[in-house]
Amino acid sequence: MITRILDIDDNSLSLSGKIISGGGAVAFPTETVYGLGANAFDNSAVENIFKIKGRPNDNPLIVHVHSGYDINRLVSYVPQYANRLAAEFLPGPLTMVYKSRGNVSAAVSCGLDTLAIRVPSHEGAQKFLRFLDLPVAAPSANISKHVSPVTAEHVFNDLNGKIEVILNGGKCTGGIESTVLDCTGEYPVILRSGLITREMIEKSVGKCGEYVLKEGEKVRSPGMKYKHYAPTCKTVMYDKNNLTAAVSCYKSNVEQGVKAYILCDGSTAELLPAEVKNILNLGESEREMAFNLYDKLREGESKADLIIAVTPSKNDGIMKGVLNRLTKACNSL
Ligand code: TXA
Ligand code: MG
């Protein structure tokens with residue numbers, strides 16, 4: 001199969017519509033990362049997405065809809081706090097989990113009685129979803145466990161030959177996946193951190209929990225238990241307070257002929273001694289770091305034998321999401 005990267009216009013949308021109604025999958029941009037979409041009502045199309053990605057079949061998918069779509073067609077109950085959050089943050093990088101009506105393919109939620117719904121704000125995503133006027137089940141458009149794609153080229157590198165069309169919407173501005181929020185209880189609970197932070201949700205609706213997996217407990221968001229976001233080269237991770245050890249690791253590897261790169265935030269990069277030449281700089285602000293993370297991990301794997309990640313010192317707000325991804329990418333869990 002020939003894979004083409006196409007700008008989003010009437011021709012590419014009409015071709016995408018044909019592929020989706022024929023049970024196929026199309027990659028499309030969102031403001032977080034690129035998604036690989038299929039008709040959520042079509043069981044074999046949804047199952048095919050798992051096959052294309054090599055995704056474990058107990059890790060459920062998010063359904064994407066355009067901003068005019070009535071989600072009550074898909075879910076049985078939307079609590080009041082969820083309506084308020086939707087009014088404030090949607091369209092945008094917030095996925096909300098509800099009790100499902102069970103009318104999309106059972107493969108979407110891998111047998112769970114809940115359904116995760118997302119209304120992306122990316123203009124290209126909205127065009128695609130409005131054109132189809134269907135709920136589109138879409139995981140990130142990478143091979144399972146690999147770094148998520150934030151450009152059409154990243155998608156191409158992972159899925160060339162496996163899908164026909166990648167809709168090109170430029171580089172994703174958000175850079176890390178949406179916040180996943182459980183809206184089935186009395187108050188919302190964050191299952192995956194992202195650009196919509198706990199602080200933002202609390203400010204809007206008062207209370208917001210955060211799900212932390214305890215040992216031996218059954219996971220509420222099955223994706224949490226898997227290794228994720230990992231570059232293809234070796235990785236190690238150091239705490240920022242242990243920068244000297246990270247630098248020694250770099251030097252001893254370089255001496256042995258290993259192409260080592262240090263991945264760190266901008267202020268840490270300034271502290272590195274001059275002999276450290278190979279640096280993957282994530283930038284300064286938390287937004288910048290989210291925007292750069294996957295791009296730098298992909299750049300790293302294309303250049304390095306070893307990425308030495310140094311954790312940024314902040315761990316609140318958006319940085320929680322960034323650190324969560326960085327840890328999963330660079331710790332061999
Ligand atoms: O930003 C995003 O969310 C991107 C773009 C493409 O929209 N999508 C994405 O999908 O990150 P994926 O498949 O890589 O991650 C979906 C996450 C997983 O952690 C999964 O376990 C969780 O959402 N999830 C999906 N349905 C769920 C459900 N019913 N209950 C709990 N967690 C769910
Ligand atoms: Mg993913």
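This is a predicted model: local features need pLDDT of at least 70, side-chain atom pairs count only at pLDDT 80 or more; totals for chains, interfaces and linings use all residues.

Visitor: Which residues of α1 are buried?
Guide: Ser-12, Leu-13, Ser-16, Gly-17, Ile-19 and Ile-20 are buried. They cover an arc of only 165° around the axis, which puts them on the same side of α1.

Visitor: What covers them?
Guide: The cover includes strands β1 (4-7), β2 (26-28), β3 (35-39) and β9 (165-168), together with α4 (123-132).

Visitor: And which exposed residues sit on the face turned away?
Guide: That face of α1 carries Asp-10, Asn-11, Lys-18 and Ser-21.

Visitor: What caps the N-terminal end of α1?
Guide: Asp-9 does, with a side-chain oxygen 3.1 Å from the backbone nitrogen of Asn-11. Just after the helix, Gly-23 has a positive phi of about 90°.

Visitor: Changing topic, in what order do the four strands of the open sheet come?
Guide: The order is β13-β16-β14-β15, with parallel pairing. β13 (234-238) and β15 (279-281) are at the edges with a single partner strand each, so one side of each has no neighbour in the sheet. From one strand to the next, the twist averages 20°.

Visitor: How many bridges join β14 and β16?
Guide: Strand β14 (residues 260-264) and strand β16 (residues 306-310) pair over four bridges. Ile-262 has Ile-308 in β16 as its bridge partner.

Visitor: Which strands does α7 touch?
Guide: Helix α7 (residues 243-255) touches β13, β14 and β16, and its direction makes about 170° with that of β16. Helix α10 (residues 318-330) lies across β13, β14 and β16, at about 130° to β13.

Key:
Residues are numbered from 1 along each chain as its sequence is written. Chains are lettered from A and ligands numbered from 1 in the order in which they are written. Side-chain values use heavy atoms; hydrogens and water are left out. Buried means under 20% relative accessible area, exposed over 50%, partly exposed in between (1.4 Å probe, protein chains only). Helices (H or I, at least four residues) and strands (E, at least two) are DSSP runs, numbered from the N terminus. The arc is that of the directions from the helix axis to the C-beta atoms. Contact means heavy atoms within 4.5 Å. A polar contact is a pair of N or O atoms within 3.5 Å; within protein, one must be able to donate a hydrogen and the other to accept it, and residues adjacent in sequence count only if both atoms are side-chain atoms. Two strands pair if DSSP finds at least two bridges between them. Axes are lines fitted to C-alpha atoms, for helices over the stretch in contact, and angles run from 0 to 180 degrees between N-to-C directions.
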